[in-house]
Amino acid sequence: MLVGLAIQHSVLGADQPEPVARQSAVDMTVSPDETVMTVTGPRYTARLALPQGALLSLRDQVAGQDISIGKSSDKLWVAHLVGRNGVSSADYAAKEVRWSWDATKQMLTIIYPASGNKLPAVRAEWQFSDQAWLDLSLTVDNQTGCVLRGVENTLRLPAATLESAILPVLPGIQLQRKFFTDRREWRHGQYPRALVFADYAHFRAGRATLTTFPILNRDLTQVARRELFPDDDAYVWRHSFELAEASGTTWTSPRLRLRVGDSEADGALAFRDDTGLARVPSLREKLGPRYDQVVSSLSTKAGIGMMSDFRLTLADQAGYSKIWQGLPGPALLFITGWSRGGFDESNPDIFPVDPKLGTDEQWKQTFQSANAAGHLSMPYLNHTFWNVDSETVKSMDPKEFASYRADGNPVLEKYGDKKNPHVGYATSPYAPATKARIARLFEELSQKMPVDLVWEDQIGSRCSADYNSHSPNPLWHAQGWLEHTRTYAKLGLMTEFGYDRMVETHVGFQGNYIQAEHAKWGDFGPKYWGEDTWRIWPVVPMMARDKVMFYNAPDTPCASKRVLTWSLAMGQMLSWALTANQFRTPWHFKADAFQRHVVARYADQRLQDFAVLPDGITRSNFGDYTVWGNESPDQEWQAPAGPRLAPGGCWVTDRQGRLSAGIFTAFSGQPLTAGEHYLIVETRDDGLTVRHLQGPDTPLILKTAKPVKRVQARFDQEQLDQEKVEVPFRMEKGQVYLDITSKLQGKDVRSYELSFAE
């Protein structure tokens, strides 16, 4: 049966009260000729051109440097109308524009009057605070006879000093100084989009910083487009709200917030606080009593291909039980491809099971036995793509359920190759037929198999326009899927990628830059951003890692040193793909052990600080846990008061000194046998546990505050009552000396258990 998980809704996107400012908090002056207004707060000074309101400069007062530069001819805003040239603030005659200052609210209001059907009436408001921020909002009363398709604002950043731009491309990237000296462009497209977690940017120019993001003032996922490109002495940050507002309507923008003086980490923290993300229930609250089991389970893709791979049918229940019992530890089984025709070939008709595999009852028994073995089930669903050959699609008119283009044609998608093509309709989340079929689908699922969590494909990356008549607005497609997830959040949802608004309804997102790099997707990576011009900088785990789990995709399983070190440093949960040639391999055991005994310890800890140190070393602080990463491919690194990291290795430790895990060449100040050693050393209340997951046999020294009375080797990690083998050791000056071997009595040693003397 489907298991309910407690979660609250509508935290993000709720109407937020207008900020209240004190009358004496900021200082405002106007030049004698009334062409420049200067507003000074404790952290910033803003200069604006009057009467049109363009931002002439924004100064970081503490740094004593400008973070934004401008000209009197700059445009505060540009409105784009279908069939017309753009209309901007500069198109209104100065004598017609009216401005006023409210000292109580600390607000500048500018009124741009309508001119027949040529110019819309626009109201701009600059709200200033006595803290570190100022906001801009716009209201456009469109009586032009044309559809309003976008409203843009630009910031001009000083190219001479611009050295960093941090953008939330999962898990986050930093464009560095060489990016700007090479005069490169970043045109990553819209939010929300695959891999784009938030409508957010943080810039550093010299010592001055600027963080910018919109604060949603209504329950709507507002589509936006962002670009960063050079222009004379500046780099332009162009931010556009994408719209489809008919003539005769009035549109009010979210407040676009500019924060001055935040560090990179403080900018991420301000984003989560100011947008309401901090108020979303925590991951522990969402998962409740199942938290420990979920975070300790290795996400393991169990596609139907594994049946032929292991030469099994659903009738072979004993064979499946053997697999479930043979997994190194608890797994979160990501189950795909059981429907007729295989993967994505019968959506939304996910049952009956493909007759080539067996029966529905056998299918149910298979995963009941998995649950009995301690594993969790997470079936794959795809509500966004309905196959053309499914019974549901054949029985309906596409107008009842499909997304439509502006030209009046349904969105028909194709992917795969000639040997294995997939063809289906993109669905409309607002269509009653779509909603009804999804509701019946969940009823079927609850009857046909045990379900602990639910995976919904592409929900987190569906953001194209939808002109189905049931959609309240063509650009509300992403909002429609968000509302869908609010309906089913209690089931424990995961999705592909995901973005900030979806954090409230999900427990997990899968996929990140390393997946895009592996698959060579679109406009990602060195080909587009340049070599030595950028790096991964994990801003997203700073925003939301205590609210939702971030997973590597199954396509990038933890089967290499690079993926393991990268995942630990970036706060990613580990993934695995279950195949016959990857079953119970050394890497399978390593991935399981690091997920259970390392990642699970800090699975809900927000990344609080990230630093790139000399010699290719990174330091990630997750509350009580610190992860050191060695990005050098050929140089070892000696950690301060810690082990020596192998090239490409890592070290995870905690403040209490109860964990020391990673990839080492020396430990406790003593060299290990030549080679790389994957070690996890945990301190228990009654002793220590050592897991030597890879590396040649080696002597090992462990420091301990208590004397050790016994050391035993264990062959199967979870069988506490199994036969144990006593291992010789010696104690000397608070240190334990023992020899670590991979095998004893012809069996693989999984751990060494050290017991303290009472």
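**Note on the predicted model**

1. F197 and F550 are both buried, where buried means under 20% relative accessible area, exposed over 50% and partly exposed in between, computed with a 1.4 Å probe on protein chains only. This is a predicted model, in which local features need pLDDT of at least 70 and side-chain atom pairs count only at pLDDT 80 or more, while totals for chains, interfaces and linings use all residues. Residues are numbered from 1 along each chain as its sequence is written, and side-chain values use heavy atoms, with hydrogens and water left out.

2. On confidence, pLDDT is the predictor's confidence in each residue, from 0 to 100; the protein chain has a mean of 93, and 96% of its residues reach 70 or more. Residues 3-9 should be read with care: pLDDT stays under 50 there, and the model has 26 contacts beyond four places in sequence for this stretch, a contact being heavy atoms within 4.5 Å.

3. A search of the whole structure finds 38 aromatic pairs, in which rings of Phe, Tyr and Trp (its six-membered ring) have centres within 6.5 Å, with planes under 30 degrees apart counted as stacked, over 60 as edge-to-face and the rest as tilted. The pair of F197 and F550 is edge-to-face, because the ring centres are 6.1 Å apart and the planes stand at 70 degrees. F197 lies in the loop between β15 (186-191) and β16 (201-205) and F550 in strand β32 (residues 549-551), so this pair ties together parts that are 353 residues apart in sequence.

4. W587 and Y678 also form an edge-to-face pair, since their ring centres are 5.5 Å apart and their planes are at 85 degrees. This pair links distant parts of the chain, with W587 in helix α15 (residues 586-597) and Y678 in strand β42 (residues 677-684), 91 residues apart. W587 is buried at a relative accessible area of 16%, and Y678 is buried at 2%.

5. Helices (H or I, at least four residues) and strands (E, at least two) are DSSP runs, numbered from the N terminus. Strand β36 (residues 625-630) is mostly covered, with 6 of its 6 residues buried; Y625, V627 and G629 point one way, and T626, W628 and N630 the other way. Strands pair if DSSP finds at least two bridges between them. β36 runs antiparallel to strand β35 (residues 617-622), to which 6 bridges join it, and N621 has T626 as its bridge partner. The hairpin of β35 and β36 has 2 residues between the strands, and G623 takes a positive phi near 60 degrees in it. A further 5 bridges join β36 to strand β39 (residues 650-654), again antiparallel, with V627 opposite V652.

6. What is the order of the strands in the open sheet of 3 strands? The order is β25-β27-β26, with antiparallel pairing. β25 (385-387) and β26 (412-416) stand at the edges, each with a single partner strand, so one side of each is left without a neighbour in the sheet. 3 bridges join β25 to strand β27 (residues 421-426), and W386 stands opposite Y425.

7. Helix α10 (residues 477-488) has 12 residues, which should span 16 Å at 1.5 Å a residue, and its end C-alpha atoms are 17 Å apart, which agrees; the expected span is 1.5 Å times one less than the number of residues. α10 is mostly covered, with 10 of its 12 residues buried, among them W481, L482 and Y488. The buried residues of α10 pack against α9 (432-448), β28 (454-456), β29 (493-496) and β30 (506-510).
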